[in-house]
Amino acid sequence: MIFNSSHVTQLKSVYFVMTSSNMNRSTDPVSFPSQADVVVIGGGIMGCSTLYHLTKEGVGNAVLLERNQLTSGTTWHSAAQVRALRSTQNLTNLIKYSISLYQSLEEETGQQVGWINKGSLSIATNPDRLIHIRRQEALARLYGVEAISVSADEAKERWPLMNSDDVIGAVWSPDDGRVSPSDLCAALIKGARKRGGHIFENTGVTGIITEGNKIKGVETTSGVIQTEKIALCTGLWSQQAAQMAGVDIPVWPCEHFYLLTRPIDGISGNMPTLSDHDGHLYIRDDSGGLLVGCFEPMGKPIDPDRLGADFAFQLLPEDWDHFEPMLQHAMHRLPVLAEAEVKMLLNGPESFTPDGSFLLGESAETKGFYLGCGMNSVGVATGGGAGWALAHDIVHGAPPMDLHEADPKRFDPSWSDIAALSARVPEVLGKHYEITYPGRQWVTARDLRHLPLHDVWSAEKACFGQAYGYERPLYFGSDTAPKMTFGKPDWFDQIGREVRHITDGAGVTDLSSFGKIDITGKDALTALEWIMSNRMDRPVGSVIYTLMLNEKGGIMSDLTAFRLAEQHVRLYVGTAALKRDLAWIKQHIQDDWDVSVQDVTTSYATLGLMGRDAAKVADAMGAGWLNDIAYFRHASGDIAGVNVMAGRLSYVGSAGWEITCASDDAGVLYQAMKAAGVNPVGAFAQSAMRIEKRFLAYGHDIDTDNIPEQLGLMFAVYDKSPCIGLAAIMARQDKTAEKTLITIICDQTDVYPIGNEPVIDNSGQIIGKTTSASFGYRVGAPVALALIKTEHAHAGGKVNIDIAGNLTSGKISHYPAFDPDGKMMRQ
């Protein structure tokens, strides 16, 4: 390659001058306001889009503050790829909205946005990558995005400069494109201003005023603005900015590289984006040359403090040593690069989160403080839709669709630790292009939180996975990293053994990571009757499965309540739902109610004792009193000298108890169980059994877009007293739900669905999707739960599951595939 270092400096200055001159005209020629309905902080793509959509929602007094000029920081240097397909329907819908918006903005505002729709081509150079992109192709069809499998020869025709010798297949996505980020922001600002939005550049925020954990105003270098709502869209500096509002968020920057060349023979006009993810590369034309970007396996984190307060349109130093392995991949894929003249190696910082999904929504800690940041290098692609969703949340109290993957409340506070963040985000960057194998686990920033029995499980050779910061046993017997595959997994036989612990004896599952919330006070029951869907006024000693609904009757959460005393109820919530559920409960407790809400999760351990011989184990431990507890009741007593509370319920479809004790006593309790012949059972086996038993999991089978009627959960809705969401359910009681949850037992035993696959009828029509799937060890076949169109949900009927382009047939049931009474699937 031919390098021209003098041009690198020249190009940087051109970017700076062009961007600065355009954006200096954006500050409004009006006096600085003393009050605003909403203040948006940050003038990148998220800030501009949020302001635009706030004004479209009719917010007439919305203000955007930018400490430098619009697009400074990250947006201005974005490669601005817009790829429609994401991992879920709603994340995909956000980008589909973005594409529609970008195509229409010029007509609306008169400002060009540089939208170029030339599609994208994803190539595979190994069998697992081919499965991966074919799974993506199937998802695309499910989500309404056009995607077509093409041969290596066809891929070569679409990208003639590509070396295709090692390409074994590809997927063509014609809807994808790219945009000019600075022009896009200019159009959004123009549209916002036409509707009354105000923009103030060179206006730094120096403080955020709160009172009683509520937003009251913003202190700036130009004065104070009184407001009750803030949208924080500050990109690289979001963690520091959020702390001014008393909010800790897990956002941290990494360096991001792409190479620009001078014009190259063979490139004329615009070309599709070439995605060579086995080589960690994305490639497209740029001004007659090439743009070659990468998401290398392990990125480079950078402390925002190192960037400095005046970092705006600058770039980070080139790092050819770091980029060199990616350059080798690029020269293999594009031999023409060997003679290309380099314009520059651009190195610009972008912000990432610990799980690779952005933050969108209201914070748990401070009411009125909304987050739109940590975009994980998809800010421009997602920004149009994400700004729409954030504005909708601010105005209407919820996003327009379920976005639990982006909810800021999904993170445990341990992720605010700088050491953990700076260790994790380089891996997050690298996982952008990694094959998404089932069971894939994070490698970095582990051991943030341990369960009370962590050392015990380590001694049992547990293979751990991370959930909400906790290390949880996935399975036992091997603590070495399994080989990743889309086929029969390394842990398959071990999960079978753990299921047999339950079916042929007794097993123990560690449920200690589940959130535990104590609700106490004179008005505790009044509050819970309003917030929960089920009847909560039940006798002391009751165990109640219930939902929390939003105003539309969508499901915010599912949980279990233990009534411990007249004025004391303990809620057991999902591990990752704790922060979200706490915020929802507190939000809906009226000021004049005498209610205390306390997170007691770490004070207690919970072990599930389940299985055919659970009753014998209870007797062997001298705890025969457990056998006297009725289903969905709880009692307290003594086991091996440990005071426990035991509830008669099970998440695995086999009789037993969930037993809670003080965290410090968990070791004694487990040793008593082990001495009575109980074996440990990990999360993978638990998941397989709950799917067989048709027990649902939030984030898989349940979310706010789902309603109780379609999931068979109306038994958890009590219609004799008012609660949040009941009115919406009653209003549609005479209507048939559009979708229905079904069980599918596959006809083939050597297929491995994992969830999120299209379900197809015999005519080839997509009628729904799987929500959870696993091999069913107790029925001897793969089992899936699926949401399909109600008119196709005929018991005993046949459907097909699309697994990476291969159809596997199965039988529909409206009952569990396995239960202890019927044993096998009933129709």
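Tutor: Let's start with a term: a residue is buried when its relative accessible area is under 20%. Keep in mind that this is a predicted model.

Student: Thanks! How many residues of strand S5 are buried?

Tutor: Strand S5 covers residues 120-124 and is mostly covered. On one side sit Ser120, Ser122 and Ala124, and on the other Leu121 and Ile123, with both faces covered. The count of buried residues in S5 is five of five.

Student: Which residue of S7 is the bridge partner of Ser122?

Tutor: S5 pairs with strand S7, residues 169-173, in the antiparallel sense, and five bridges link them. Within S7, the partner of Ser122 is Val171.

Student: And which residue of S15 is the bridge partner of Leu121?

Tutor: Strand S15, residues 273-276, runs parallel to S5, and three bridges join the two. Within S15, Leu121 has as its partner Leu274.

Student: Now the helices: are H2 and H3 roughly parallel or roughly perpendicular?

Tutor: The axes of H2 (residues 45-56) and H3 (residues 89-109) come within 14 Å and cross at roughly 70 degrees. Angles of 65 to 115 degrees count as roughly perpendicular. Therefore H2 is to H3 roughly perpendicular.

Student: What classes of residue make the contact of H2 with H3?

Tutor: H2 brings Ile45, Tyr52 and His53, while H3 brings Tyr97, Leu101, Tyr102, Leu105 and Glu108. By class, the contact has six nonpolar, one polar and one charged residues.

Student: One last stop: why does His588 count as buried?

Tutor: His588 lies in the loop between helix H15 (578-587) and strand S30 (596-599). Leaving out residues up to four places away in sequence, His588 touches Trp530, Ile531, Glu551, Trp593 and Ile724. The cut-off for buried is under 20%. His588 counts as buried because its relative accessibility is 13%.

Definitions and conventions. Residues numbered from 1 in each chain as written. Predicted model: local features only at pLDDT ≥ 70, side-chain atom pairs only at ≥ 80, totals over all residues. Heavy atoms only, no water. Buried < 20%, exposed > 50% of the residue type's maximum accessible area, 1.4 Å probe, protein only. Helix = DSSP H or I, 4+ residues; strand = E, 2+ residues; numbered from the N terminus. Pairing = 2+ DSSP bridges. Contact = heavy atoms within 4.5 Å. Axes fitted to C-alpha atoms, helices over the stretch in contact; angles between N-to-C directions. Parallel < 35°, antiparallel > 145°, perpendicular 65-115°, else oblique. Nonpolar A, V, L, I, M, F, W, Y, C, P; charged D, E, K, R; others polar.
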